[in-house]
Amino acid sequence: MKTRRILAIAKRGLLIKLRYKWDFVVKGVLNPVKNGIGFFVVYSGFFGAGAVHIGPVDRSNYLVYLMFGMIFHSFFNKAFVDCSEVFLREKFWQTIQGLLVSPAKGYEILLGYGLVEVIDSVPIIVAALAISVVVVQLSIVKLLAVVALLGLLYLLLLGIGFIRAGFILSDENAASFFMPFSWVLFFLSCFYYPIQSIPTFFHPLILANPVYHAGLAITSVALGGDVQWTSIGYLAVCCVVFSTVGALTCAKVWKREGIQGY
Amino acid sequence: MNVSPGFWARLTPMIQVTNLKKAFRTKLSGQGTIQSVLFPKYQSFQAVDDVSFGVAQGEILGLLGPNGAGKTTIIKILAGLLQPTSGSALIDGMPAERQRARIGLVLGSTMIYNRITGYENLEYYADLYGVDRVKERIGSLAESLGLTFRMGEYVEHYSTGMKAKLAYARALIADPDVLILDEPTLGLDIKVARDIRKAILNSGKTVLITTHCTEEAQELSDRVIILKNGRISKTMCDPQTAEIESGIINEDA
């Protein structure tokens, strides 16, 4: 794996992104706020009416909880929607072949695209971490742990997203085919609500979902709770597996039928 | 290059294509009925059918044929953009996947980003291919192709000819051993086409070039292979002196 290639992909992506500044404002700031504001209204009304807590979420920490939900949601969109969109765009620009015939490996492509797309999430990450430091008095060590865990979550989601992106390169039908899976995955990931608020018959599915464990591990640390080592271990293993499968799938799948549709 | 007919064919090939076949599954044209949309029927289309040839080191081989003859499919397989149904396409004895850094590919004016500058395009590819002394390399390529004064402009402002030159510079950025060029002068005016042909002739590299222009194939190639319906219909070892039958490439177009 060569850092130079990863940075080249990221730099080129950033140069193109910089030509669309409103895209950054909308995706980086307005979209996460739009996603979280409904839940903010619900939680504030809930606790304002006298509720004490829902699972680990209470009156004192729900803002931090929601801010991290916004980060997870933002990562989810980056990995599942935006990366695929960039691939589709490059497919129709007919530039993607340049990358695919180059010596860049699947993992380098994944990390390069991931790096440039995560830039949109920086405002919400900074805001969430700042609020955590102020509200929960998060220590520097825990802050760094949260950042590292966010990195693992993003890599995991990128891996899953790249499986979809590889299929979309060959056949755009795949975009719609994979979409319901992403809806189910989103619901089972509990970004904005704790597992305790979901009917118990969903719990086995939620507990099998590595994205849920990532959120659990991160919010536990960010809210000042116990470190969820089991969740962190499960996240780390799934992160390696899915990012590897995603990188390999993306590099191989389109070759069978070719890049079609333009 | 002034060598005897058949000289190139006797050398160890840098590019070796053996019994190459590629079939695509294509949708049968429907009647516009809901049934044909919901339950489409497919048929297999043989784009490349048992094609074998070699390109010796330093040789320029022209693949000549009408539209749909299978030229681009062969190029894409050789570049590693497509997997063959059967057969093999090797660069210096290995599949393209393992020789990517040694292949320079031109597919028309594709693979160039319009929304960044010419320089940024070449710099990006130089980094992907691990080129040393990037500035000097880009500078010399731009100068040799007459692009120097436009390298700082967004490619979206380039003319078709400038984009074609940039695409050619992109293919040369890593100083590859093999150049695979798919109709590199298609749609260009006479002067730009001549510039690019001159650059190809002076490159000194192993070149596989596709074209449906008879004169271009004769001017550039040491050998010419004529493709029709995915098959080799003729191989010409001395194309400059041979008379390519009138209409040979257009009868199926």
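Predicted model: local features only at pLDDT ≥ 70, side-chain atom pairs only at ≥ 80, totals over all residues.
Residues are numbered from 1 along each chain as its sequence is written, and chains are lettered from A and ligands numbered from 1 in the order in which they are written.

Figure 1. Strands (E, at least two residues) and helices (H or I, at least four) are DSSP runs, numbered from the N terminus. In a regular strand the side chains alternate between the two faces of the sheet. Strand β6 (residues 103-107) of chain B runs parallel to β7(B) and is joined to it by 5 bridges; two strands pair if DSSP finds at least two bridges between them. Look for Leu107(B), whose bridge partner in β7(B) is Asp182(B). Strand β8 (residues 206-211) of chain B also pairs with β7(B) in the parallel sense, over 5 bridges, and there Thr206(B) stands opposite Val178(B).

Figure 2. Four strands form an open sheet in the order β2-β1-β4-β5 (chain B), with antiparallel pairing. Its edges are β2 (42-56) and β5 (94-95) of chain B, each of which pairs on one side only. Between strand β1 (residues 13-27) of chain B and β2(B), which run antiparallel, there are 12 bridges. A handy landmark is Phe24(B), which stands opposite Phe45(B) in β2(B). Helix α3 (residues 71-79) of chain B packs on the sheet and touches β1, β2 and β4 (86-91) of chain B. The direction of α3(B) makes about 115 degrees with that of β1(B); axes are lines fitted to C-alpha atoms, for helices over the stretch in contact, and angles run from 0 to 180 degrees between N-to-C directions.

**Figure 3. Helix α3(B) and the residue after it.** In α3(B), 9 of its 9 residues are buried. Among them are Ile74(B), Ile75(B), Ile77(B) and Leu78(B), and also the lysines Lys71(B) and Lys76(B). Gly80(B) follows the helix with a positive phi, near 85 degrees.

**Figure 4. Lys234(B) in strand β10(B).** Lys234(B) belongs to strand β10 (residues 231-236) of chain B. Because 14 other C-beta atoms lie within 10 Å, Lys234(B) is partly exposed. From Tyr154(B), Lys234(B) is 80 residues away in sequence and 43 Å away in space, C-alpha to C-alpha.

Figure 5. The largest nonpolar core has 149 residues, of which Leu153(A), Leu156(A) and Leu157(A) touch the most other members. Such a core is a set of buried Ala, Val, Leu, Ile, Met, Phe, Trp, Tyr and Cys residues joined through C-beta atoms within 7 Å. Helix α7 (residues 140-170) of chain A gives the most to this core, with 17 residues. Not counting residues up to four places away in sequence, Leu157(A) touches Phe75(A), Phe76(A), Ala79(A), Phe80(A) and Val211(A).

**Figure 6. Where chain A meets chain B.** In this view, 19 residues of chain A are in contact with 24 residues of chain B, contact being C-beta atoms, placed from the backbone, within 7 Å. On the chain A side, α1 (3-17), α4 (96-100) and α11 (229-257) each supply at least two residues. The largest share, 6 residues, comes from α1(A). By class, this side of chain A has 7 nonpolar, 6 polar and 6 charged residues; Ala, Val, Leu, Ile, Met, Phe, Trp, Tyr, Cys and Pro count as nonpolar, Asp, Glu, Lys and Arg as charged, and the others, Gly among them, as polar.

Methods:
Buried ≥ 20, exposed ≤ 12 C-beta atoms within 10 Å, placed from the backbone. Contact = placed C-beta atoms within 7 Å.
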